[in-house]
Amino acid sequence: MLTDVQGQLYLADQRGIAETDGFRSFHTFNFGPYQAEGRAPFGRLCVVNDDTLAAGRQLTMQVDEAMFVLILPLVGGVEVSSPVADTSYAVAGEALVLSLPAHSSYSITNPYDTELINYLHIWLTARPAERFSPGISVIAFDLAVTNQLFSVGGTDMRVFVGQYGGRQEDSLRASDPEKGLFAFVVEGAFEVQNRLLHARDSMALRGTGEIEFEALSNNALILFIDPA
């Protein structure tokens with residue numbers, strides 16, 4: 001636990017893992033058979049999975065309650081389909097946001113013949129009184145524009161991603177300090193609120209209105225989720 005604010009570190013090599021022929025998933029929070037102490041959801045943020053899917057394979061998921069799902073391709077492209085929305089496709093530099101009613105399903109497909117794909121797979125539960133139209137949105141962003149955060153969650157999720165050069169600093173303000181912010185380092189290394197995070201490490205923070213962070217390597221990529 002952090003001493004200056006309420007927080008928790010999730011180290012990459014301590015994540016849960018599920019693996020089958022053609023699929024591997026690292027779980028930051030409890031998910032499916034993986035249940036561990038201290039891995040409960042962070043407010044409405046209940047899933048942060050780091051998934052790799054083999055060529056030509058498909059994964060089908062179901063949500064039990066109304067959910068916003070974000071799929072962020074890191075390597076290759078991802079095809080997503082659902083009975084409640086049209087089929088959509090995204091590559092690195094784009095994000096897919098699904099608005100799903102309770103008890104609905106969706107499928108993720110690797111469209112390549114020979115290549116693996118890797119993507120982040122994030123679930124944020126809808127608020128009890130929240131109304132939304134089921135569907136899938138594709139959001140594009142340009143990481144060639146460095147040292148700033150881009151919103152990739154659309155109107156449904158406060159999710160931000162940015163690529164930074166070494167020793168570049170920035171900050172992000174939480175919409176509700178008590179509900180906090182969640183940081184996930186995709187590539188490289190960052191110092192986040194005075195704590196060192198390497199690739200695929202993450203941290204949940206409460207009780208601070210603003211998070212300050214600094215990239216410690218070139219082409220360092222970081223993701224923030226505001227669960228308020």
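Phe224 touches Leu149, Arg158, Val159, Phe160, Leu172, Phe182, Ala183, Ile211 and Phe213, when residues up to four places away in sequence are not counted. The structure is a predicted model, and within it Phe224 has its place in strand 21, where it is buried with a relative accessible area of 0%. One of the residues that Phe224 touches, Phe182, returns below both among the ring pairs and in the largest nonpolar core.

**Phe224 and the nonpolar cores**

- Phe224 and Val138 are 86 residues apart in sequence, and their C-alpha atoms are 18 Å apart in space.
- The largest nonpolar core holds 28 residues, and those that touch the most other members are Leu45, Leu70, Met157, Phe182, Leu223 and Ile225.
- At least two residues of this core come from each of strand 4, strand 6 (67-75), strand 9 (94-100), strand 11 (117-125), strand 14 (158-164), strand 16 and strand 21 (220-226).
- Leu223, once its neighbours within four places in sequence are left aside, is in contact with Leu72, Leu120, Ile122, Val159, Phe160, Val161, Phe182, Ala183, Phe184 and Val186.

**Aromatic pairs around Phe29**

- A search of the whole structure finds nine aromatic pairs, and one of them joins Tyr10 to Phe29 in an edge-to-face arrangement, with 5.3 Å from centre to centre and 80 degrees between the planes.
- Because Tyr10 lies in strand 1 (residues 6-10) while Phe29 lies in the loop between strand 3 (23-27) and strand 4 (45-53), this pair ties together parts that are 19 residues apart in sequence.
- Tyr10 counts as buried at 3% relative accessibility, and Phe29 counts as buried at 1%.
- Phe29 also pairs with Phe182, and this pair is tilted because the ring centres are 5.6 Å apart and the planes stand at 45 degrees.
- Since Phe29 lies in the loop between strand 3 and strand 4 and Phe182 in strand 16 (residues 181-187), the second pair ties together parts that are 153 residues apart in sequence.
- Ring pairs link Tyr10, Phe29, Phe42 and Phe182 into a cluster.

**Thr28, in the loop between strand 3 and strand 4**

- Thr28 has its place in the loop between strand 3 and strand 4, and at 0% relative accessibility it counts as buried.
- With its neighbours within four places in sequence left aside, Thr28 is in contact with Tyr10, Arg15, Arg39, Val48, Asn49, Phe182, Phe184 and Ser202.
- Two of these contacts of Thr28, Tyr10 and Phe182, are also members of the ring cluster.

**The largest pocket**

- The largest pocket has a volume of about 170 Å³, and it is lined by 13 residues, of which Gln8, Tyr10, Phe42, Ala204 and Arg206 lie nearest its centre.
- The elements that give two or more residues to this lining are strand 1 and strand 19 (202-206), and the largest share, four residues, comes from strand 1.
- By class, the lining of the largest pocket consists of seven nonpolar, four polar and two charged residues.
- Tyr10 and Phe42, which are among the lining residues nearest the centre of the pocket, also belong to the cluster linked by ring pairs.

**Loop residues with some exposure**

- Ala144 has its place in the loop between strand 12 (135-140) and strand 13 (150-151), and at 64% relative accessibility it counts as exposed.
- The C-alpha atoms of Ala144 and Leu45 are separated by 28 Å, and these two residues are 99 residues apart along the chain.
- Asn147 is likewise found in the loop between strand 12 and strand 13, where it is partly exposed with a relative accessible area of 29%.
- Although Asn147 is not a glycine, it has a positive phi of about 65 degrees.
- Arg167, in the loop between strand 14 and strand 15 (169-173), counts as exposed at 59% relative accessibility.
- Arg167 also has a positive phi, near 70 degrees, in a residue other than glycine.

Note on methods: Residues are numbered from 1 along each chain as its sequence is written. This is a predicted model: local features need pLDDT of at least 70, side-chain atom pairs count only at pLDDT 80 or more; totals for chains, interfaces and linings use all residues. Side-chain values use heavy atoms; hydrogens and water are left out. Rings of Phe, Tyr and Trp (its six-membered ring) pair if their centres lie within 6.5 Å; planes under 30 degrees apart count as stacked, over 60 as edge-to-face and the rest as tilted. Buried means under 20% relative accessible area, exposed over 50%, partly exposed in between (1.4 Å probe, protein chains only). On a 1 Å grid over the protein atoms alone, a cavity is a set of points where a 1.4 Å probe fits but cannot get out, and a pocket is an open set with protein on both sides within 12 Å along at least five of seven lines; lining residues have an atom within 4 Å of a point. Grid points are joined across faces, edges and corners, and a volume is the space filled by probe spheres set on the points. Ala, Val, Leu, Ile, Met, Phe, Trp, Tyr, Cys and Pro count as nonpolar, Asp, Glu, Lys and Arg as charged, and the others, Gly among them, as polar. A nonpolar core is a set of buried Ala, Val, Leu, Ile, Met, Phe, Trp, Tyr and Cys residues joined through side-chain atoms within 4.5 Å. Contact means heavy atoms within 4.5 Å.
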